[in-house]
Amino acid sequence: MPSLASPFGKSLRRLVGNKAILIGIVILTIVVLAAVLAPLVAPYAPNKLSIVNRLQAPSAAHLFGTDEFGRDIFSRAIHAGRVSLLVSLGVVAISTVLGVFLGVLAGYFRRLDAPISRLLDAMMSFPDILLAIALVAALGPSLLNVILALGITYAPRLARIVRGSTLVLRELPYIDAAIALGLPTWQILLRHVLLNLASPILVQATFIFAAAMLAEASLSFLGVGASSDQPTWGTMLASGREYMNNAPWLMIFPGLAIVFSVLSLQLVGDGLRDLVDPRLAKGV
């Protein structure tokens, strides 16, 4: 068991002492477990129709009510969480690989810095959602293309951070020593650069996860994401807006699912940032 005086023990004490992080972890754990165990938790199939039960208010039989086709909102919201988490994980994976690759190249190799930085600046000059819509329109509306589009959209965020950190690491003495010893460039990048970038990459990946979840819901709401028959929080909001006055629960519960999920990820990301960089700690 690690000592409380060790670096891990100190980080653990700070983590436990930060209520915001704990709240975020609890909410995120509930969301993930509900999504993973959706077939066991959901009382109904997500696309089971029951016209006689259409637009029913929340009750014991239907905790979140039913939609215009009599489908159970609670069951659909839980299954929609699986799609949102899957898309967000895919976006984080693509943006991390692409962002780290471009950031390390720009930060370590001086000749590549200018062209890569100009490319990143050009991509970041567009609003994220506008660039994502343009990419999805070019690739075609599907979940896979949404993942690719959002992964490309958020890669510059991480690339800029990785580039800045790599510029600092490149000038440190142990990098010069590794070069003087004749270590191959790839070994220097893997062992001495990327390992020291793990903390900022992890923190930024958490924020990208939250942004991707919100962006996926926005694209689905606009009709350029998942198909309308596939339950996602965005498509549920889009179909429920027509009944907002008569059946507000169609939009309330999917909206709350998005709010709590994104909020939990933001709390966890902000807490991780405080842990890895004590200078940013806010009374932790």
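Leu-131, Ala-132 and Val-136 are the buried residues of helix 6. Buried means under 20% relative accessible area, exposed means over 50%, and partly exposed lies in between, with a 1.4 Å probe and protein chains only. The three cover an arc of only 130° around the axis, which puts them on the same side of helix 6. The arc is that of the directions from the helix axis to the C-beta atoms.

This is a predicted model, in which local features need pLDDT of at least 70 and side-chain atom pairs count only at pLDDT 80 or more, while totals for chains, interfaces and linings use all residues. Residues are numbered from 1 along each chain as its sequence is written, and side-chain values use heavy atoms, with hydrogens and water left out.

**More on helix 6**

On the other side of helix 6, Ala-137 and Ala-138 are exposed. What covers the buried residues? The cover includes helix 5 (110-124), helix 7 (143-170) and helix 10 (198-222). Helix 6 spans residues 128-139, twelve residues in total. From its first C-alpha to its last, helix 6 reaches 16 Å, close to the 16 Å expected at 1.5 Å a residue. The expected span of a helix is 1.5 Å times one less than its number of residues. Just after helix 6 comes Gly-140, with a positive phi of about 110°.

**The whole protein**

The protein has twelve helices and zero strands. Helices (H or I, at least four residues) and strands (E, at least two) are DSSP runs, numbered from the N terminus. Along the sequence, the pattern reads α-α-α-α-α-α-α-α-α-α-α-α. Of the 284 residues, 46% count as buried. Contact means heavy atoms within 4.5 Å. Among the contacts with a separation of 6 or more, 68% come from residues 24 or more positions apart. The accessible surface of the protein comes to about 14500 Å², and 71% of it belongs to carbon and sulfur atoms. Accessible areas come from the Shrake-Rupley method with a 1.4 Å probe; for residues, only the protein chains shown count as cover.

Helix 4 covers residues 73-108. At 1.5 Å a residue, its 36 residues should span 52 Å; the end C-alpha atoms are 51 Å apart, which agrees.

Ile-116 is found in helix 5. Ile-116 is buried, with a relative accessible area of 11%. Leaving aside residues up to four places away in sequence, Ile-116 touches Leu-102, Leu-105 and Ala-106. Ile-116 and Arg-160 are 44 residues apart in sequence, and 9.9 Å apart in space, C-alpha to C-alpha.

**Salt bridges**

Side chains of opposite charge can pair when their charged atoms come close. A salt bridge is a side-chain nitrogen of Lys or Arg within 4 Å of a carboxyl oxygen of Asp or Glu. How many salt bridges does the structure hold? The structure holds six. The table includes three of them.

| Residue | Partner | Closest N and O atoms |
|---|---|---|
| Arg-71 | Asp-67 | 2.7 Å |
| Arg-76 | Asp-67 | 3.9 Å |
| Arg-157 | Asp-128 | 2.6 Å |

The pair of Arg-157 in helix 7 and Asp-128 in helix 6 links distant parts of the chain, 29 residues apart. Arg-157 is partly exposed, with a relative accessible area of 29%. Asp-128 is partly exposed too, at 26%.

Salt bridges that share partners join Asp-67, Arg-71 and Arg-76 into one network. Are these residues buried or exposed? Arg-71 counts as buried, at 9% relative accessibility. Asp-67 is buried, with a relative accessible area of 3%. Arg-76 is buried as well.

**A nonpolar patch**

Which residues form the nonpolar patch on the surface? They are Val-32, Leu-33, Val-36, Leu-37, Leu-40 and Val-41, with about 520 Å² of accessible area together. Patches are made of residues with over 30% relative accessible area and no salt bridge: like charges are joined within 9 Å, and nonpolar side chains (Val, Leu, Ile, Met, Phe, Trp, Tyr) within 5 Å. Helix 2 (19-36) and helix 3 (38-41) each supply at least two residues of the patch. The largest share, three residues, comes from helix 2. Val-41 lies in helix 3. Val-41 is partly exposed, with a relative accessible area of 38%.
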